[in-house]
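Please view the sequence and the structure below before reading on.

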Amino acid sequence: MTQHTTALFEPARLPGLDLPNRLVMAPLTRNRAGADGTPTALMATYYAQRASAGLIIAEAATPNAVGQTYPNITAVHSPAHVAGWRQVTDAVREAGGRMFLQLQHGGRVGHPATSGLTPVAPSPVPLPETIFTPEGHLPAPVPREMTAEDIRTTVADFAKAARNALDAGFEGVEVHSANGHLLHQFLARNTNLRTDGYGGPVAARIRFTAEVTEAVAAEIGAERVGLRVSPGNTVNGIEEGETEEIYPALAERLGGLGLAYLHLGYADPDTPVFRKVRAGWPGVIVANPVLKEISTDGVLRASEELLAAGADVIALGRPFLANPDLVTRLRLRAPLNEMRDRYFMYVGGATGYTDYPALDAQPSSDSIVAFDGDRVA
C-alpha cells in the first residue's frame with residue numbers, strides 16, 4: 001500500500017507535551033466501567049490497543065456522585081476510581097501512548113435511579129426526553145437549581161478530580177463544557193434562567209465554565225488542562241442563543257491562561273464561530289469534524305480541511321473505536337472496519353469494544369461504511 005503524505009502524521013506539541021502525530025482519539029462514553037464508576041481491566045485493553053493515537057482523551061469521568069449521567073460510566077472521585085484508572089494509564093504508557101482524562105458533570109442529564117441523587121442544574125428545567133437508567137428508559141426528573149454553595153462545591157470537585165487524574169497517571173485533563181451537560185447548560189439560554197451573576201447576559205453565562213477551568217488550571221497547571229466546547233450543538237435539548245458571542249467571549253476570558261488546548265466539537269471550518277474562535281484563541285485548537293462518510297477518504301478529507309482552516313490537531317471518535325490501528329490505516333490509505341452501533345453503549349463486554357481487528361489481523365477488503373446524514377466523528 002502507498003503511504004499518504006499529510007500534516008496529520010507530523011509531530012505536534014501541546015504546552016508541556018509532545019505528540020508523535022496530530023490524530024487524537026476523542027472521548028466517547030462506552031459504559032464499560034463497574035457500577036460504582038471504577039475502570040476495568042477490559043478498559044485498559046481497549047485503550048492500550050489505540051495507543052498509536054497522538055493523544056488519547058479518555059471518556060468522560062464524573063467529578064462527584066451527583067454528576068453521574070448513565071449506568072456504568074467512569075468516575076474519578078474516590079481512591080478506587082484512581083486505582084482503576086491507573087491500570088488503564090499504565091497499559092497505555094507501556095504501549096507508547098499518552099492520555100488526558102475528560103471531566104464531565106451531567107447536570108440535568110442524570111436520574112435518581114442511576115445515581116441515587118436528584119440531578120442539579122443551573123435552573124429547574126428538565127431534559128425534554130427520556131434518559132437511560134438501570135431500570136430502562138425513564139422520564140427525566142426536574143433537576144434542583146444549584147445554589148451559590150452548590151456552585152462553589154462543584155468547582156472544587158472539578159479541581160480535586162483533576163488532581164486525582166494526575167495521581168492516576170494521566171498527563172492532563174479536559175474540562176467538558178459541551179454536548180448539553182452541566183457546563184454547557186450554564187452557557188445556554190434555555191437551560192440557564194438564572195438572574196444572579198451566573199445567568200442572563202453572555203458574560204454571566206460563561207462564568208461557570210470559566211471558573212471551573214480556572215480552578216482546574218490553578219490546581220494542576222494550565223499546561224495540563226484542555227477545554228471542550230461544541231458551539232451550536234443542540235444535543236440534550238440545548239438552545240444556546242448568541243452562539244457567535246458565547247465562544248469568542250469564552251476564548252477571550254481563558255486565552256491568557258496558557259491552556260493545553262481548546263477542543264471544538266462538531267467543528268465546521270466554514271462557520272463564522274469557528275473562524276472567530278480560531279482568530280481569537282492564542283493556543284492550540286483541537287478540532288473534531290462532523291463526518292458524513294466514515295471511510296478512509298472521508299476521514300482524511302474532513303481532517304485536512306480543518307487543518308487548512310487553522311486547526312492544529314484533529315480529534316476522531318468513531319473511526320478510532322472501530323479501528324484500533326487507525327493511524328496506520330490512514331497513513332496507508334487502507335480500508336476502515338465497519339462500526340457496529342449495536343454494541344456501542346449499555347451492553348458491556350468485549351464485543352464491539354476490544355474485538356475490532358487490526359490491519360495485519362484480517363484479509364484485505366474494501367470494508368468502508370457510509371452513514372446517512374451527519375455523524376460526529
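## A buried asparagine

N288 is buried, with a relative accessible area of 0%; buried means under 20% relative accessible area, exposed over 50%, and partly exposed in between (1.4 Å probe, protein chains only). The residue belongs to strand β14, which covers residues 285-291. Helices (H or I, at least four residues) and strands (E, at least two) are DSSP runs, numbered from the N terminus.

The side chains of N288 and R228 are joined by a polar contact of 3.0 Å. Such a contact is a pair of N or O atoms within 3.5 Å; within protein, one must be able to donate a hydrogen and the other to accept it, and residues adjacent in sequence count only if both atoms are side-chain atoms.

## Basis of the model

This is a predicted model, in which local features need pLDDT of at least 70, side-chain atom pairs count only at pLDDT 80 or more, and totals for chains, interfaces and linings use all residues. Residues are numbered from 1 along each chain as its sequence is written, and side-chain values use heavy atoms, with hydrogens and water left out.

## Positive phi in two loops

N72 is not a glycine, yet its phi is positive, about 60°. This residue sits in the loop between β4 (55-62) and β5 (74-75) and is partly exposed, at 29% relative accessible area.

R333, also a residue other than glycine, has a positive phi near 55°. R333 lies in the loop between α12 (326-332) and β16 (375-376), and its relative accessibility of 38% makes it partly exposed.

## Helix α12

L332 is part of helix α12 and is partly exposed at 21% relative accessibility. The C-alpha atoms of L332 and T296 are 9.5 Å apart, while 36 residues separate the two along the chain.
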